[in-house]
Amino acid sequence: MNSWLIRNARDLQGKNIELMISNGKVVDKADFVQPYSELDAQGLTVMPGFVDLHTHLREPGREDAETVLTASQAAVAGGYTALSAMPNTLPVADTAGVVEQVYRLGQSHGICDVFPIGAVTVGQSGEQLAELVAMNQSEARVRIFSDDGHCVADPLVMRRALEYVKLFDGVIAQHAQDPRLTENAQMNEGEVSARLGLKGWPAVAEEAIIARDILLAEHVDSRLHICHLTTAGGVELVRQAKLRGVKVTAEVTPHHLLLTDELAATYDATYKVNPPLRTESDVQALRRGLADGTIDIVATDHAPHPQEAKDCEWNAAAFGMIGLETAFSICYLSMVKSGLMSVAELSLRMSSTPAKLARYSDHGELAVGRSANIVLVDLDKSWKVNAETLKSKSKNTPYNGMELPAVVEKTFHNGVLVYDRMNQGQEGV
Amino acid sequence: MRDLLSINDLSKDDALEILDTAVQLAALSDSSNRKFPTLRGRTVVNLFFEDSTRTRISFEAAAKRLSADVINFSAKGSSVSKGESLKDTALTLQAMGADAVIIRHGASGAPAQLARKRWIDGAVINAGDGTHEHPTQALLDAFTIRRHLMQDKGDLAGLKIAIVGDVLHSRVARSNVLLLQKLGAKVFLVAPPTLLPVGVEHWGAQINFSIDEVISECDAVMMLRVQKERMEDLFFPSEREYARNFGLNAARIAAMKGSAIVMHPGPMNRGLEITAEGADSKKSVIVEQVANGVSVRMAVLYLLIGGATSRDLTAQIGEH
């Protein structure tokens, strides 16, 4: 089916609107092609599909945890129409060949766009720059580079990377974690880690790298993006840097907007994540930072792991939690229900701003002539998370059993209905 | 109470009941009858993922004196060393029908996971997990302090107890801080700042960087084992500097109150945290702690899987 007429939808200003979709784009009457399917979106809010700049798809190498296909299915079930594949795969996405493979897998499934992020250094070992231009000039057109999972800890390597990506308007997305201060670290260092006897991960290990990289980015006038900010101190560093005009942007994950380190007291490794869950005052600072724009975007850090990697001793368990399918609900709960921002502002942080930051030109805007990457959400309904029915191949969600507000009902990617909660997203898959 | 994972699982009354029961069991053990039929037919598994001869044999002796069948499952030479998961090990023990699993594990929280995920139906008793807790050690320490300073009666209100050494890595310290304060004692933590966890100020104990500031007012001084490899991790510059500033030596023993006692959970590093004079002084109750450990662990097993309270004890033993 090529054309859609979506009627009775509410836009982000609360206005009733009618949307026409033909040939993958939002069109006006002149370009609307017959025949068409009609969708009555009574009660649903329409917005541009969400854009994630931080996703672990695990393919190639760990297809037992997730694949490009299953991550894409999870993405559209969460209202995302674009993912950014982190390079910590096996092999590492540090060459044009690997990033093209991931990009083409995404294209061939056709469920959502999968844009690879390239590794900054060869093998993510932090020593030698990977061939960044080759990845940028590949079919995958990589602009974001990250050693995510590892910090680019060597200040000289970081400086060179920041300088080098200016060659093609690229950006370095830093996983800010001083390795020496976090050797074998297990959870946020503080009252709870002291009580539980789990090795602490101090806030300063994150903030010291953020501070250093802000100074480096300022010095070489380059673009720096801070991955998954988690501390109040980190928010303040980014706020001050922006006031000085440094080209720094930052992201926060949904889980760091809601969960705290108290959850580690269960010793349930579902709550083990890198960077770790922090304190309630950090959560509040992150929320304020996202509301006032200090933190530019929400990114999921969707990190699937097979059951055995979590069903074990905390020390032995893998870091990470899945998040694509719950991201909007968690953000709606943390930011909109709490009165800190409007749905329209949340949409900016989850769609338009990340699309602009990553230069994903087909995403982040709902307008005539633009690609029809659209999500329809019921803000008045709630749903109960059941890990077993999530689309992701892995089930390591911290929200299992929770009742969450806001239900993603339908997702369109390039004008194709790729997710329909009513028939579980079979069409187009 | 189903499991004993942390001192936080115990109310003050629960703790006192364990101590009172241990007092009774110790008295009975001193008489000619050293074996009770209480746990006949019950199976107790010692699941030890870390070497700890003294804790294992203490639990083994306790279970055997209560007539339980004891299975020792040591990680060395077992399937664990071949990479079997905690879950599969637990399921194996479950299939064998363990009524209680006494677990020692290098990872903090491993006993809590066993209990919470209910891979095992039996009671789970924490015999030391990582740097988290060692509740039966704290109970035997409280028993020892109460025996010497409170005539085996009531709580520890009014007593001042110093815990000295590597608090950061010590499960003994964590359990003792919780239990001793629950029983009304005032606790001093004495350590170099590097060996105190960030967040220790929430524990309610008084922090001191100098042992000499507090030693003369304490009723008990508990020395913690300091592992020599901590020096390589930059926690202190040298063994000599540590021993000079935090070791229990003859001069410090001399500064202690006449009634005060010296404790150590073992194994000791003689010459590091405690000198031979300290370990062997008349104030030392270190060997006695070991004997008390058996009584306290008997009490824990009795109350946890014997399905009884301390009031039943005399009656039950009287039947035989």
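Q: How many salt bridges are there across the interface of domain 1 of chain B and domain 2 of chain B?
A: The rule finds three there, a salt bridge being a side-chain nitrogen of Lys or Arg within 4 Å of a carboxyl oxygen of Asp or Glu. R171(B) and E50(B) form a salt bridge through their side chains, at 3.1 Å from N to O. This is a predicted model, where local features need pLDDT of at least 70, side-chain atom pairs count only at pLDDT 80 or more, and totals for chains, interfaces and linings use all residues. Side-chain values use heavy atoms, without hydrogens and water, residues are numbered from 1 along each chain as its sequence is written, and chains are lettered from A and ligands numbered from 1 in the order in which they are written.

Q: Where do the domains run in chain B?
A: Domain 1 covers 7-133 + 290-318, and domain 2 covers 135-289; the bounds come from an automatic or database domain assignment. Their centres, over C-alpha atoms, are 25 Å apart.

Q: And how many residues are in contact?
A: In chain B, 33 residues of domain 1 touch 31 of domain 2, with contact meaning heavy atoms within 4.5 Å.

Q: What area do they bury between them?
A: About 2,600 Å², with 62% of it on carbon and sulfur atoms. That is the accessible area (1.4 Å probe) that two parts lose on being put together, summed over both.

Q: Which residues of domain 1 of chain B lose the most area to domain 2?
A: I7(B), L19(B) and N292(B), which together make up 25% of what that side buries.
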